[in-house]
Amino acid sequence: MKEENQHTILKTHNLSIGYQTKKEKTAVASNINIELHSGELIGLVGANGIGKSTLLRTLTNVQSPLDGSIHINEKPLETYSNIELAKALSLVLTESVMSKNLSVFELIALGRQPYTNWVGNLTEADINIINTALNETNLSDIKHKKCYELSDGQLQKVMIARALAQDTKLIILDEPTTHLDMYHKAYILRLLQKLAKDTNKTILFSSHEIDLAIQLCDKLIVMSEDIVVSDTPKKLIERGTFDSLFPKDFITFDKTTNSFKIIQ
Amino acid sequence: MLFCFFANISLGSVSISFKDIFNALLGISDNYIIQNYRLPKAFTAIIVGSGLGISGLLMQTLFRNPLAGPFVLGISSGASLGVAIVVMGSSLFGGSVALLLASKWSLVIASSLGSFLVLLAVMLVSAKVRDTMAILIIGLMFASITAAIVSVLSYFASAEQLQQYIFWGFGSLGNLSWNELLVLSSICFIGIVLSVASIKALNTLLLGENYAKSLGLNIKKSRMLIIIATSLLAGTITAFAGPIAFIGLAIPHITRQVFNTSNHKVLIPAVVLFGAIILLICDSIAQLPASDYFLPINAITSIIGAPVVIWLLVRKRKMVF
């Protein structure tokens, strides 16, 4: 990609994340310096409990950082109002949608909420954006189906389409591939890769599918006990970052096949 | 709805023909029963039906719970506590006060005051918790506390007082003068305006609170608006008509099943219409056409409403929400 297209969408500087009570601060991870550009697909990987969710919650302003700064579109995160942030950043969460009685179209249309008037009427422009989101995710055929009729894989695509309709430069997904079979895991991640390329959006997702992420992502953020690194998958493999991800006497990373092996 | 409206006015212990109704409404002839009795009652049924339906819908969406109704915030339990204190607690203050207190307006004031105080307590405790589900449980707990106090009061009450309290609990759409109707309808109108203003927030909440937040919705503000609308509607209606059961729970379900949508832009007007129609029908049945008896409106709403909801669910085989 050409250098001038690479706008910095998200940047953190010496970010420290964790939990804060009145008495003390409990840091989960610190010194996080990441920089995400437009058109990039970024995977966030790490063992369970290492702080992936905490990092995502901090980046999406659900909880405040302990230290350091976050800039989205070169503007400090804490200066965003609710609506401004909704126009800059959209989410796909692990929780299931409360009302499955919505049709696919209606659900995706809710992505336009930050832009619509007080009663939520859709303008022609809104409907065009929704239809584009439907086409990009191949959902046009089932747009009148109710959400309770859909499979998990289809539902995940609908949630991605909803995030697209929100028309933000940055999309963050929390474990978008859980509950899905091998094929649909690969399918969803391929779709994200294609969307990042076609729409020039920045897409950040957390995942346990490290094998797939290595193959598809432009960049990986790897969280381990002591350090958070972010680089291209190739360089991370060369540096041996994945070797320290899990206990060495149990699982090792095989550089020839780019995959993890269980030690028998 | 118009048909139900006229049928409701027409049917009763004295049957009045449609022609007479039109004449009376258009001012051609005077009809005492229509002007002072049937017409206010029909209007009350319309307001109570739509108001309770709306507040039930608001609560079901806010709490993501199909079993929520207008009274989950402790409104009816607060009202019953207020009325119980006035009716049955009066023996504690002496007999002369009892006569003074037992008038119509004192019941209205007592139940408004009761629901307001219980609601205030629920809100104060709820402000400390972030989880919407916790508000639901806090409301239920306050309901049990008030129920306990009411049962203590009824233990010491005389049979006559107990009967008066139970009669209030049956609910009643009649007995409202035009002045009372004016107060009821203007407060309910404010409640419905607030509900309409919450349509967008309600639709966003269908995705769940976290998604709603990510779409830029101010959760606290919207939650407050929805709760105020519900309190205004359910609170005033309970004050004037007693704790009308079931309508608030059933109407939103019936409407959702019939229209097969969760979009509040459709649901809110539809619930107003259905609530009015169904309560008019229930009231027409309750006044037992061509007889001198009245059945308690609460019995009718449950007897008719519950089977309708069961039938709709069985037919569709799916709880849409």
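**Core, contact and a lysine in a predicted model**

User: Which residues have the most contacts inside the largest nonpolar core?

Analyst: This is a predicted model, in which local features need pLDDT of at least 70, side-chain atom pairs count only at pLDDT 80 or more, and totals for chains, interfaces and linings use all residues. Residues are numbered from 1 along each chain as its sequence is written, while chains are lettered from A and ligands numbered from 1 in the order in which they are written. A nonpolar core is a set of buried Ala, Val, Leu, Ile, Met, Phe, Trp, Tyr and Cys residues joined through C-beta atoms within 7 Å, where buried means that 20 or more other C-beta atoms, placed from the backbone, lie within 10 Å of a residue's own. The largest such core has 157 residues, and those with the most contacts inside it are A:Ile108, A:Ala161, A:Ile172, A:Leu192, A:Ile203, B:Val48 and B:Val271.

User: Which residues is B:Val48 in contact with, leaving aside its neighbours within four places in sequence?

Analyst: Two residues are in contact if their C-beta atoms, placed from the backbone, lie within 7 Å. With those neighbours left aside, the partners of B:Val48 are B:Leu173, B:Ile237, B:Ala241, B:Ile244 and B:Leu279.

User: Is B:Lys221 buried or exposed?

Analyst: B:Lys221 belongs to helix H13 (residues 219–241) of chain B, a helix being a DSSP run of H or I with at least four residues, numbered from the N terminus. Because B:Lys221 has 11 other C-beta atoms within 10 Å, it is exposed.

User: How many residues does the contact take from chain B and from chain A?

Analyst: Both chains supply residues to this contact. The numbers are 19 residues from chain B and 20 residues from chain A.

Technical notes. Buried ≥ 20, exposed ≤ 12 C-beta atoms within 10 Å, placed from the backbone. Helix = DSSP H or I, 4+ residues; strand = E, 2+ residues; numbered from the N terminus.
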